[in-house]
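Visitor: I am new to this structure and should like to learn how to read it. May we take it feature by feature?

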Amino acid sequence: MLHTMKPHTAPEDLIPQIAKGERAALAQLFEAESGRLLAVAQRILRRRDLAEEAIQEVFLSVWRNAGNYDRSKGTARGWLTVMARNRALNMLRDGARMDYKDGETLAELGDRSADVRAAFDALSARDALRHCLEALDASKREAVLLCYVTGLNHGEAAATMKVPLGTIKSWVRRGVVALQECLA
Amino acid sequence: MTPQDRERIGEYVLGLLEGSDAQDFEARLGSEPELAAAVAKLRAQLQTLDDTAGELPVDPALWQRIAERLDAPEDEQAQPARLRPANDNRWTRRLGMAASILAALAVGYLTGTNLTTSRQPVMIAVLLTENGSEPGAIVEAFADDTIRLVPLDLTARPADRVYQVWTLPDPETGPVSIGIFDDPATLSLSGPDLPPPEPGQLYEITLEPSGGSPTGRPTGPILVKGFAKSPL
């Protein structure tokens, strides 16, 4: 059968082509997914240049590791999201934030609670995740979201919420357990 | 699935496990399908939160930069260890391979062992190289905290480095050193007082500074690693 490239081939179908070394398929995946992944990375890294660097690494990794994708284990979208998140978090943890000026860092940390509220408010009312997040105490919900949505670690979340480190750790632990039970 | 597992799953998916905690958890993901499935499930459930970030316009120069690097040689493309896809199945495959290598070796190798020593190992681990999935060493673990190590294929060490053998009796304790050696030959090492080795227990060999890791945890590159199985 002749294969013609369609403009909206599903990512799951592009990845096997990428694994065979088809650049056009990688370009198509980039076209379809890069804007979304860039937004995820930038919400964590804040800086556009760092977010672009993360996305560049993600697509190079897709090019090399497309053969490792197993569609029985999850969607291609999810696979890409995790790669973008991991790359952004690694950059953040490796000290990319150290390059920020002090004033910027503080302002950005201050913004994170607003980012988290915006993310939560944007969840659909029918989303089970929204329902389960609403069921959490406000403090646990904010702690979980600060870590997931904006990529803060325990210490940064503690500074943002102005509570001791041990409190954040316990809120996050209890929050994620309750979340998994509610979503089960 | 214990409540502690649920906590670990959540912390891992939130990106809060670092260093040896993350490594230990990822090692478990390779050997515990139920745990890996729970991680994948939570990640999929949190996807709608990622979607609230929306989409940003992408500078076409970004694709140009990627396209230019697609032909770069492999060594320039070395990826950080933690940049792993969510459903990475390499570990599962390596475990399968380890099992078949073990089966292939079992007849001749263990028969030979029985002729030369009356001691029976409690566990055997075939340690595979990180990228080639080649068997790199065999560990026989005995009930008295000693191991017999048979190197098969270990990367040559620089003059200022030694090989250090580690095991992970339980993720809470973290990796424990069994001993160091500088000459890859069959040898016995006597580790610290540990619980009896269990099926699935991780063994690995890293390169460390002379005298062994200064931190008491693996700091150098992992040369080979594998999970224990009990001999039939």
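Visitor: Is Asp115(A) buried or exposed?

Guide: Buried means under 20% relative accessible area, exposed over 50%, and partly exposed in between (1.4 Å probe, protein chains only). Asp115(A) has a relative accessible area of 18%, so this residue is buried. Arg112(A), at 1% relative accessibility, also counts as buried. Please note that this is a predicted model, in which local features need pLDDT of at least 70 and side-chain atom pairs count only at pLDDT 80 or more, while totals for chains, interfaces and linings use all residues. Residues are numbered from 1 along each chain as its sequence is written, chains are lettered from A and ligands numbered from 1 in the order in which they are written, and side-chain values use heavy atoms, with hydrogens and water left out.

Visitor: What does Arg112(A) form with Asp115(A)?

Guide: Side chains of opposite charge can pair when their charged atoms come close. A salt bridge is a side-chain nitrogen of Lys or Arg within 4 Å of a carboxyl oxygen of Asp or Glu. Arg112(A) and Asp115(A) form such a bridge, with 3.3 Å between the closest N and O atoms. The two residues are three apart in helix α5 (residues 102-122) of chain A, and therefore separated by about one helical turn. Helices (H or I, at least four residues) and strands (E, at least two) are DSSP runs, numbered from the N terminus.

Visitor: Which residues does Thr150(A) touch?

Guide: A contact means heavy atoms within 4.5 Å. Leaving aside residues up to four places away in sequence, Thr150(A) touches several residues, including Arg112(A), Asp115(A) and Leu92(A). Thr150(A) belongs to helix α7 (residues 138-150) of chain A and is buried at 0% relative accessibility. The side chain of Thr150(A) also reaches the backbone oxygen of Leu146(A), at 2.6 Å.

Visitor: Where do Glu7(B) and Arg173(A) lie?

Guide: The side chains of Glu7(B) and Arg173(A) meet in a salt bridge (3.8 Å, N to O). Glu7(B) lies in helix α1 (residues 3-13) of chain B and Arg173(A) in helix α9 (residues 165-183) of chain A, so the pair joins two chains. Glu7(B) is partly exposed, at 25% relative accessible area, and Arg173(A) is partly exposed at 30%. Both belong to a network of salt bridges that also links Arg8(B), Glu11(B) and Asp21(B).

Visitor: In what order do the eight strands of the sheet in chain B stand?

Guide: Strands of a sheet pair through backbone hydrogen bonds, either parallel or antiparallel. Two strands pair if DSSP finds at least two bridges between them. In chain B the eight strands form an open, antiparallel sheet in the order β5-β4-β7-β8-β1-β2-β3-β6. β5 (176-181) and β6 (187-190) of chain B stand at the edges with a single partner strand each, so one side of each has no neighbour in the sheet. Strands β1 (residues 123-129) and β2 (residues 135-141) of chain B are joined by six bridges, and Leu127(B) stands opposite Ala137(B) in β2(B).

Visitor: Where in chain B does pLDDT stay under 50?

Guide: pLDDT is the predictor's confidence in each residue, from 0 to 100. Where pLDDT is low, the predicted coordinates should not be read in detail. In chain B, pLDDT stays under 50 over residues 75-97, and the value is also below 50 over residues 99-117. Chain B averages a pLDDT of 79, and 79% of its residues score at least 70.

Notes:
A polar contact is a pair of N or O atoms within 3.5 Å; within protein, one must be able to donate a hydrogen and the other to accept it, and residues adjacent in sequence count only if both atoms are side-chain atoms.
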